[in-house]
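Have the structure open and follow along.

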Amino acid sequence: MPVSVLIGIQWGDEGKGKIIDVLTENIDMVVRFQGGNNAGHTVEIGSEKYVLHLVPSGIFRKDIICVIGNGLVVDPVSLMEEMKELAGKGIDISNIQLSSKAHLVMAYHKIADASREAGAGAGKLIGTTKRGIGPTYSAKADRTGIRACEILKPQKFEKIFREQAISWNAHFKASGVECVDIESEWKKLFEAVAYLTPHIKDTVLTVNEAVRQGKNILFEGAQGALLDIDHGTYPFVTSSNTTAGGACTGSGIPPKAIGCTYGVMKAYTTRVGEGPFPTELHGEEGETMRKIGREFGATTGRPRRCGWFDAILCRYSCMVNGVDKLTITKLDVLDTYPELKICTAYELNGTLIKNMPLDPGDLSIVKPVYETMPGWMASTAEARSFNELPENARKYLLRIASLSEAEIGIVSVGPRRDQTFKI
Ligand code: IMP
């Protein structure tokens with residue numbers, strides 16, 4: 001399929017970066033279409049480990065065009081730093097294109113994000129990455145955002161930045177929050193403006209031309225479907241459409257262009273930040289899974305909450321995204337469990353339900369109903385085909401895929417490129 005979309009099926013951190021790197025072997029273009037540097041896509045190549053935040057995961061393969069689409073919110077200073085770091089490691093960054101329509105995250109958006117989190121009442125805390133994502137998307141919807149095309153007119157850009165910074169500072173001052181240091185921020189922005197200018201393009205044209213030419217294009221989703229602003233566990237979500245439909249609005253391609261949708265999910269569940277998580281393991285059990293799975297956020301380093309596989313939520317996500325091929329990651333993390341639990345229903349106020357509740361907020365009060373499967377108690381890390389997996393691992397994979405109502409396409413049994421196989 002020339003045009004594919006890859007989406008996280010759970011609450012992010014499903015291992016999308018690695019899978020994209022594996023899939024990009026025959027790819028001409030990788031397109032990010034939503035989110036910002038709240039994402040942290042980890043790619044391990046040989047002994048090197050890279051964490052990408054804004055740069056698409058195709059950057060490690062030669063000649064791939066890497067597009068940062070209009071649907072993103074981009075911190076220009078962070079993007080410059082990320083690109084410089086990659087270039088410093090000998091990676092060719094000349095193929096990075098930044099959409100002229102992408103919105104820019106300014107210092108005041110980050111302060112607004114952090115101060116809201118700090119000041120929120122206990123029940124309202126979202127646990128954001130504090131990268132300014134929410135306030136920048138708010139400004140976009142409010143039609144006061146600054147777009148990347150402004151970078152091409154530095155004088156106008158400086159004027160808008162200063163006006164907005166002064167206005168935000170008045171608000172910060174009144175709320176007792178630390179203000180933006182306008183001069184030092186502008187100095188950093190000025191450098192980023194010069195650095196990014198050659199990369200700013202009309203990426204809608206770039207991507208559509210590639211579609212017309214039948215090029216192989218991969219759309220790289222960030223976060224996960226359960227963090228989608230419309231379909232996720234609102235209000236504990238991010239501020240963009242993380243589901244497959246976002247690939248169209250966030251890049252400018254028509255829906256009919258999409259051929260295949262990959263849904264990436266872990267063989268268990270994790271979540272960073274606040275919000276309901278029915279199958280969460282607490283105390284020692286949660287700690288054990290976190291340790292085995294090395295579950296610490298790639299962007300913030302925060303410990304991830306861990307729990308059993310939730311088939312209700314994954315089925316819902318697969319439906320919303322129209323998943324053609326499931327990619328199941330981190331199977332190896334379950335190697336030492338004698339028994340595995342899968343959530344197949346919820347009990348909500350005494351009633352058994354098999355779908356997402358009408359109010360996703362009720363996920364915080366549902367009781368998960370589990371079925372139990374025997375573990376395999378053997379290493380899967382060296383398996384390179386489905387048949388090389390222990391029988392109980394094969395049965396577990398087939399069960400979670402069937403409950404999710406999607407077919408397995410890829411399995412990953414470790415962080416390296418070679419620890420992956422197609423089915
Ligand atoms: P924000 O995107 O920084 O506004 O954070 C909103 C919610 O999404 C918080 O619960 C974050 O922990 C979560 N989140 C944002 N980006 C990621 C990600 O890349 N992986 C996992 N969770 C994320």
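Predicted model: local features only at pLDDT ≥ 70, side-chain atom pairs only at ≥ 80, totals over all residues.

**Helix pairs**

Two packed helices are described by the angle between their axes and the distance between the axes.

| Helix pair | Angle between axes | Distance between axes |
|---|---|---|
| α3 and α5 | about 25 degrees | 9 Å |
| α3 and α4 | about 120 degrees | 7 Å |
| α5 and α6 | roughly 150 degrees | within 11 Å |

Start with α3 and α5. Their axes make an angle of about 25 degrees, and since anything under 35 degrees qualifies, the two helices are roughly parallel to each other. The crossing in which α3 passes α5 is left-handed. On the α3 side, the residues that meet α5 are Y108, H109, I111 and A112, and they face F161, Q164, A165, W168 and F172.

Next come α3 (residues 107-119) and α4 (residues 133-141), packed at about 120 degrees with axes 7 Å apart. That angle makes α3 oblique to α4. Here α3 passes α4 in a right-handed crossing. H109, A112 and D113 do the touching for α3, while α4 brings I133, P135, T136 and A139. H109 and A112 of α3 also turn up in the contact with α5.

How do α5 and α6 cross? Their axes come within 11 Å, at roughly 150 degrees. That makes α5 roughly antiparallel to α6. The handedness of this crossing is right-handed. From α5, the contact uses P154, F157, E158, F161, R162, A165, I166 and N169; from α6 it uses I182, E183, E185, W186, L189 and V193.

**Nonpolar cores**

In soluble globular proteins, nonpolar side chains tend to be buried together. Which residues have the most contacts inside the largest nonpolar core? They are I59, V74, L79, L86, L98 and F157, in a core of 53 residues. Helix α6 (residues 182-196) is the top contributor, giving six residues.

L79 is a handy one to click on. Leaving out neighbours within four places in sequence, L79 is in contact with L54, V55, I68, V74, L98 and L196. Another core lies apart from the largest one, with 37 residues that include I9, L281, C306 and V411.

**Backbone spots worth a look**

If you're checking torsions, start at the peptide bond from Y234 to P235, which is cis, with omega near 5 degrees. P235 sits in the loop between β10 (217-220) and α8 (246-249).

Then there are two residues with positive phi. K130 is not a glycine, yet its phi is about 60 degrees. You'll find K130 in the loop between α3 and α4, and it is partly exposed, with a relative accessible area of 45%. R143 is a residue other than glycine too, with phi near 60 degrees. R143 belongs to the loop between α4 and α5 (154-174). Is R143 buried or exposed? With a relative accessible area of 73%, R143 is exposed.

V211 is in helix α7 (residues 203-212) and is partly exposed, at 24% relative accessible area. Setting aside neighbours within four places in sequence, V211 is in contact with V3, I217, I253 and A257. V369 lies 158 residues from V211 in sequence, and their C-alpha atoms are 45 Å apart.

S402 is in helix α11 (residues 391-404). The relative accessible area of S402 is 46%, so this residue is partly exposed. S402 and I353 are 49 residues apart along the chain, with 18 Å between their C-alpha atoms.

Conventions: Residues numbered from 1 in each chain as written. Heavy atoms only, no water. Core = buried A, V, L, I, M, F, W, Y, C linked by side-chain atoms within 4.5 Å. Buried < 20%, exposed > 50% of the residue type's maximum accessible area, 1.4 Å probe, protein only. Helix = DSSP H or I, 4+ residues; strand = E, 2+ residues; numbered from the N terminus. Contact = heavy atoms within 4.5 Å. Axes fitted to C-alpha atoms, helices over the stretch in contact; angles between N-to-C directions. Parallel < 35°, antiparallel > 145°, perpendicular 65-115°, else oblique. Left-handed = near helix turned anticlockwise from the far one by under 90°.
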